[in-house]
Amino acid sequence: MTILTRLEQWKEQGKVSPEQCAHLAGLTRGEPFSLFLELNVLLYAGVLAFVAGLGWNVSTWSKQLGDGLVLTVLSTILAASFWYCFSRAPAWSPAETPAPSPIFDYVLYLGSLIWSMELAYVENRFHVLSGQLDLYLLASAALFFFLAYRFDNRFVLSLALSSLAGWFGLTISHWSAHQDAAYRQYALLYCLLVGVGGALLQRASLKPHFFGTYLNIVANVLFWALLSGVFIRQGYGPWFLALLIACGASVAWGLTRRQFAFVAYAAVYGYVGVSSLFLRGVTDQTAVLFYLVVSGVAMLVALVLIGRRFGRQA
Amino acid sequence: MRIYSASSEETLRARKLLRDWVGDGFLAKTQYQRLEQETPSELRTTNIFLRLVLFLFTLLSVGAAFGLFLVFLSRPSNQTAGVVSLIFAAVCYAAAEAAASQARLYRYGIEEALAVCSVGFLCAGMQAAFFSGRSYSPQPEAIQSMVPAAGVVFSLWIWRRFGLLYAFLAAMIFVIFLPGYWTSSHEAQHLIVAVFYAAGLVVVAVVRSRHRFDYLDEAYSAVEAFLWLGIYLAINLQVSSLNLSMHWWDGTRAASEFARPFYWGTWVLIWCLPPIVLARGIRQRDRFVIAVGAIVAVLTFVSNKPYLGWPRHTWDPMLLGILLTGVAIYLRRWLARGPGGIRNGFTAARLSGKDKQWINVGATVTGLLSPQAPAPQPSSPDFRFGGGQTGGGGAGGDF
C-alpha cells in the first residue's frame, strides 16, 4: 500500500483532515516541488567559485595591478558585503533568527572570505605585524564570532571556530621543541575554551542552536588530541585514561540526548586507542589478525545491542 | 527478486514520512503517535551513525578473518588464495542474505558490508584463481574481462536484491574496466561505456514509470541520475581522460588524440546533454536528475576551453561564480513572483525542515573546510606575493 493510498484511508477514517490529506499528498507527489536546497547550493558554489577566482587573480596579477587597485577592489567588495548585511539585518535576538533575505547568508559568507583574503594580502605585502600572523587569526576569529552571533550564521561560526583553532596552532608553531606535546596541550585548551564557551552561551540562551556545532567540533578535536597522546611511546597512561573517560562521556551524552554521532565517535576513536595499546609491540601477524577479528566482532555485538536498545529511529 | 517485501519497504517509507511531517508541523503529535502505531514494521533499522560504524566494523572483521585464513594456510599460492577468496565471497553473501531475511536487518550496516565484501572477494578471487599465473601482456586478453563482468553482474544483483544504491554505482565503475579488455581504441572504449550506460538508462526509464510515488521511485531516481552522469562523463573526453591533470589547466590537450569527428562529436554532445538532463529532471520533478543536470552544465562550462584548446584565464572561476549566483538569484525571484510563490509547480520556498537541516550540516562542514585565514609565511623580506598555484580564498601557500 503506497503512502498516497494510506493517506486516503486515514482521511476516510478521520485520522487526518481533508486539508492535511491534500497537503501531504501534494508533498509526496512533489506538488509544489521545492528548489530551496538546489538554489542554496548554487549560491554557495557561486560564492566559492567567485572568491577562488578572485584569489587566483590577486595572486597572479598583483604586481601588474598594484597594491592600490587590489586593496581598493577587495575593500569595496568587503564594504559592500558588510553594508548589505548590517543594513538588511533585523534587530538582534538571542533566539534563532531567519535570514532576512535568501541571499543574506551568502553575502555575509562572501564578506568573511574577502576579509581573510585582504588580511592575508596586507600582511604578505606590507608585513604590518611581521611574524605575528597568529594575531590576524585571533582578530579574524573575534570578528567571525561577532558576525556569527549578530547575524545567526553557521557558515561564519564555523569560520570563527577554525580561525580560533588556527590561532592556537600557529601560536605554538613558534615553539620548536616538544611540538607534539605542546599541540596536544593547546588542543585540549582549545576544547576547554570552546566547550565551556559554547555551554555558557547555551545556558545564557544566546543562540543555543549553535551548541551542536561547538560540541561536534570539540568532540573531534578532543578525541584527536587524546589519541595522539595514546600513540606516544612513554607516559601514555594518563592519555589513555582520559580517552576512556571521554569515550564514556561521549556515549552517555549520545544516548541520553539521542545524538548518535557521539556514540559513533566514541566507538571509532575508542577502538583505535584501545587497539593501539593492545597491539603495541605485537609483531605476530596471526595475533594481530586474531585480535582484529575478535575485537571487531565484540564491537559489532556491543553496537547492535546499543542500536536495538536506543537507536532504532533513523 | 528483492529480499524485502514491497509492503515492508512501503511501511518503512510511510513511517519515515510520518516522522518528517510531524517534525515539520504538518501533523499533530497525537496524530503521529496514532498513525505510527498503524504502520508497524518488522524490519530492523538503525540511525545513520550506527549504520556507518557497524559497516566499518563488519568490513574490518571480515577482512581480518580472510587475512587470518591466508596466514593459517602459510604462504598459499595465488590460486589457493583465490579459491579461499571465492569461498569467502559465498560465505559473505550467504551471511548477508541471512542477516536480511532472518534477522530482518535493513540498511543496518552489517548486511550491507557483508554484501559489499562478497562482491570484492568474488572479483579478487576470480582474478587470483584464474588469471594470476598469466604472463604480462600490454594488451590484456578478452577472457580477463570476466572479472569486471562478474563485478558488474554481481553488483547489479546486490543492488536489486538488497536495494543498495552504491552497489549500482559499483556496477557502473566495473563497466569502465570492461572495454579495455576488448579494444585498444580509446574512441571505442568511451563509446562502449556510454552505450552500456545508455542501455541501462533506457531500461531504468521504462521500469521506473511503473513506480511513480511508491517506495522505489526515489531509488530509481538516483539510479537514473547516476546513469546520466555516467553517460556525460564517458563522452566528455576532457573530464574522463586519465591524463587529465597534465592538460586540464593549460588547455593544450590536442584534438588529435582522438579521431576528429569523434572528438568534435563529443564536444557537441556535452553541450546537448545538460539541457536534456535538466529538461527530463524538471519534467519528472526529479531532484537527483535536476542536480545531475546542473552538475553536467557546470562541467560543460568548465571543460569547454580545454576542449577547444583555448587557454584558461584567472578570471574564469569568477565568471562562473557570477553566473551561478546570477542564475540562483534570478530563478529564486522568478519563482517567488508567481502566484503564491509557485510557478509551473515549482517553488523556491522551503517546504521541509530537512532542507534546513542539510544546509546547517553543510554550512558547518564547508565553513570548517573553507580557506579563511592567512597561513604561515616564509620570513624572507624579499618574498613576493604571487604564483597563483592554489587560488582559494587567500589561505593558499603563496599568500
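Two strands are said to pair if DSSP finds at least two bridges between them. Helices (H or I, at least four residues) and strands (E, at least two) are themselves DSSP runs, numbered from the N terminus. This is a predicted model, in which local features need pLDDT of at least 70, side-chain atom pairs count only at pLDDT 80 or more, and totals for chains, interfaces and linings use all residues. Residues are numbered from 1 along each chain as its sequence is written, while chains are lettered from A and ligands numbered from 1 in the order in which they are written.

Start with A:Phe33, whose bridge partner in strand 2 of chain B is B:Phe346. Strand 1 (residues 33-34) of chain A and strand 2 (residues 346-347) of chain B run parallel and are joined by two bridges. Strand 2 of chain B also pairs with strand 1 of chain B, in the antiparallel sense and again over two bridges. There, B:Ile342 stands opposite B:Thr347. Together the three strands make an open sheet with mixed pairing, in the order 1(A)-2(B)-1(B). Its edge strands, each pairing on one side only, are strand 1 of chain A and strand 1 (342-343) of chain B.

**Where the chains meet**

Two residues are in contact if their C-beta atoms, placed from the backbone, lie within 7 Å. The contact between the chains takes 95 residues from chain A and 88 residues from chain B. On the side of chain A that touches chain B, helix 3 (residues 36-65) of chain A gives the most, with 24 residues. That side divides into 54 nonpolar, 31 polar and 10 charged residues. Here Ala, Val, Leu, Ile, Met, Phe, Trp, Tyr, Cys and Pro count as nonpolar, Asp, Glu, Lys and Arg as charged, and the others, Gly among them, as polar.

**Helices and buried residues**

The expected span of a helix is 1.5 Å times one less than its number of residues. Two helices can be set against that rule:

| Helix | Residues | End-to-end C-alpha distance | Expected span |
|---|---|---|---|
| Helix 12 (residues 285-310) of chain A | 26 residues | 37 Å | 38 Å |

After helix 3 of chain B comes B:Ser74, with a positive phi near 40°.

A residue is buried if 20 or more other C-beta atoms lie within 10 Å of its own, exposed if 12 or fewer, and partly exposed in between, with C-beta atoms placed from the backbone. The buried residues of helix 12 of chain A include A:Leu289, A:Leu292, A:Gly296 and A:Met299. What covers them includes helix 11 (260-278) of chain A, together with helix 3 and helix 5 (110-131) of chain B.

A:Leu113 sits in helix 5 (residues 104-126) of chain A. Is A:Leu113 buried or exposed? A:Leu113 is buried, because 30 other C-beta atoms lie within 10 Å.

**Chain B and the domains**

Chain B has 16 helices and two strands, and 37% of its 399 residues count as buried.

Domain bounds come from an automatic or database domain assignment. For chain B this gives domain 1 (1-43) and domain 2 (45-132 + 144-164), whose C-alpha centres lie 31 Å apart. Seven residues of domain 1 of chain B are in contact with 10 residues of domain 2 of chain B.
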